[in-house]
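Reader: I have just opened this one and am new to it. Could you walk me through what sits around the ligand, and then through some of the helix packing?

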Amino acid sequence: MKYALITGGTSGIGFAMAGEFLERGYGVIIASSSRKNLAIAKRKLEVKKSKIVNNTRYIITIEQDLSVPDGAQKLYHKAKSIGVDIEILVNNAGFGLMGGTESIRIRDDKRMIQLNVTAVVCLCKLFLRDMYENGRGKILNVASTGAFQPGPYTSTYFAGKSFVYSYSRAIRQEAAKRGVVVSTLCPGTTRTKFFEKAGQKTPIWAMSAEKTAKIAVDGLMKNKGVIVPGVINNILRIVPSGVKMYFVEILKK
Ligand SMILES: NC(=O)c1ccc[n+]([C@@H]2O[C@H](COP(=O)([O-])OP(=O)(O)OC[C@H]3O[C@@H](n4cnc5c(N)ncnc54)[C@H](OP(=O)(O)O)[C@@H]3O)[C@@H](O)[C@H]2O)c1
């Protein structure tokens with residue numbers, strides 16, 4: 001059986017993607033920093049998918065904090081030691097910090113960059129080597145529509161997502177020659193724990209995590225380079241970045 005390893009698979013988009021992969025016949029390895037969240041997520045996936053999954057080996061959990069140095073390397077070694085065929089890597093784990101840049105503590109920004117950016121790069125490098133050796137595999141990196149313009153009052157978060165977007169598109173071109181697919185998911189506002197954790201209310205126009213996940217996995221399977229869920233998010237891509245920055249400032253301040 002082929003497995004999808006999903007970082008941040010305990011809630012929101014990552015959890016919904018785990019459900020999508022299970023429905024498509026994959027086993028899933030969900031990784032997160034919390035043993036408790038992993039146990040809850042595993043139980044929910046088992047209940048939700050009991051009709052198609054009666055063997056709990058289809059759902060494997062790994063506890064690993066990816067916001068610490070070497071977190072990605074540790075996750076890679078833990079995943080490899082399970083000894084299953086990891087066909088798909090989804091770099092989804094992430095969080096956002098909001099506020100004026102001077103007001104966000106350096107150590108919090110560093111943790112976020114480690115999780116949202118550095119861990120993504122390290123996991124891509126480690127898994128790409130294996131995938132190149134096998135001549136197959138797929139990687140889905142989760143950026144954001146925030147990757148398309150700078151984000152006043154959420155500056156490091158948006159800049160990190162721009163990095164993920166640029167890096168993913170670049171390695172997609174390299175990987176295509178080696179039989180490996182790399183796609184970038186750029187969700188717009190999605191109903192998850194993301195805003196609550198950032199101390200904000202989830203906007204009413206947010207898309208459901210399930211819808212985002214379905215579009216994301218469909219796009220990966222169709223070898224789409226950049227996946228932007230929703231018509232409005234696609235239209236917003238062509239709005240001049242100065243105009244979008246003005247509205248981001250109003251929303252985040
Ligand atoms: N929601 C949106 O509007 C939106 C829009 C664009 C992009 N995104 C991106 O989508 C991705 C998923 O976010 P979400 O909206 O689904 O938010 P979420 O519901 O808060 O899920 C975040 C996931 O990341 C995991 N995580 C957080 N810190 C971690 C750490 N230190 N080490 C390992 N895992 C960690 C969490 O697991 P634990 O807490 O159990 O560790 C959780 O499973 C993120 O990259 C986010 O930037 C979200």
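Reader: What classes of residue make up the shell around the ligand?

Author: In this predicted model, the shell around the ligand has 18 polar residues, 10 nonpolar residues and four charged residues.

Reader: And how many residues surround the ligand, and which are the closest?

Author: The ligand is surrounded by 32 residues, and the closest are Thr 10, Ser 11, Ser 33, Tyr 157 and Thr 192.

Reader: Which helices supply at least two residues of that shell?

Author: Those are α1, which covers 12-23, α5, which covers 155-176, and α6, which covers 194-197. The largest share of the shell comes from α6, which gives three residues.

Reader: How far is the side chain of Tyr 157 from an oxygen atom of the ligand?

Author: An N or O atom in the side chain of Tyr 157 is 2.6 Å from an oxygen atom of the ligand. For Ser 32, a polar side-chain atom lies 2.8 Å from a ligand oxygen, while with Gly 8 a polar backbone atom is 3.1 Å from an oxygen atom of the ligand.

Reader: How much of the ligand does the protein bury?

Author: The ligand taken alone exposes 880 Å², and the protein buries 95% of that.

Reader: Switching to helices, at what angle do α3 and α4 pack?

Author: Helix α3, residues 71-82, packs against helix α4, residues 106-134, at an angle of about 35°, and their axes are 9 Å apart. The crossing in which α3 passes α4 is right-handed.

Reader: Which residues meet there?

Author: From α3 there are Ala 72, Gln 73, Leu 75, Tyr 76, Ala 79 and Lys 80, and they meet Ala 119, Cys 122, Leu 123, Leu 126, Phe 127 and Asp 130 in α4. By class, the residues of this contact of α3 with α4 are nine nonpolar, one polar and two charged.

Reader: Back to α1, then: how does α1 cross α2?

Author: The axes of α1 and helix α2, residues 35-48, cross at roughly 40° and come within 11 Å, and α1 passes α2 in a right-handed crossing. In this contact Phe 15, Ala 18, Gly 19 and Leu 22 of α1 meet Ala 41, Lys 44, Leu 45 and Lys 48 of α2. The contact of α1 with α2 has five nonpolar, one polar and two charged residues.

Conventions. Residues are numbered from 1 along each chain as its sequence is written. This is a predicted model: local features need pLDDT of at least 70, side-chain atom pairs count only at pLDDT 80 or more; totals for chains, interfaces and linings use all residues. Side-chain values use heavy atoms; hydrogens and water are left out. A residue is near a molecule or strand if one of its heavy atoms lies within 4 Å of it. A polar contact is a pair of N or O atoms within 3.5 Å; within protein, one must be able to donate a hydrogen and the other to accept it, and residues adjacent in sequence count only if both atoms are side-chain atoms. Accessible areas come from the Shrake-Rupley method with a 1.4 Å probe; for residues, only the protein chains shown count as cover. Helices (H or I, at least four residues) and strands (E, at least two) are DSSP runs, numbered from the N terminus. Ala, Val, Leu, Ile, Met, Phe, Trp, Tyr, Cys and Pro count as nonpolar, Asp, Glu, Lys and Arg as charged, and the others, Gly among them, as polar. Axes are lines fitted to C-alpha atoms, for helices over the stretch in contact, and angles run from 0 to 180 degrees between N-to-C directions. A crossing is left-handed if the near helix is turned anticlockwise from the far one by less than a right angle, and right-handed if clockwise. Contact means heavy atoms within 4.5 Å.
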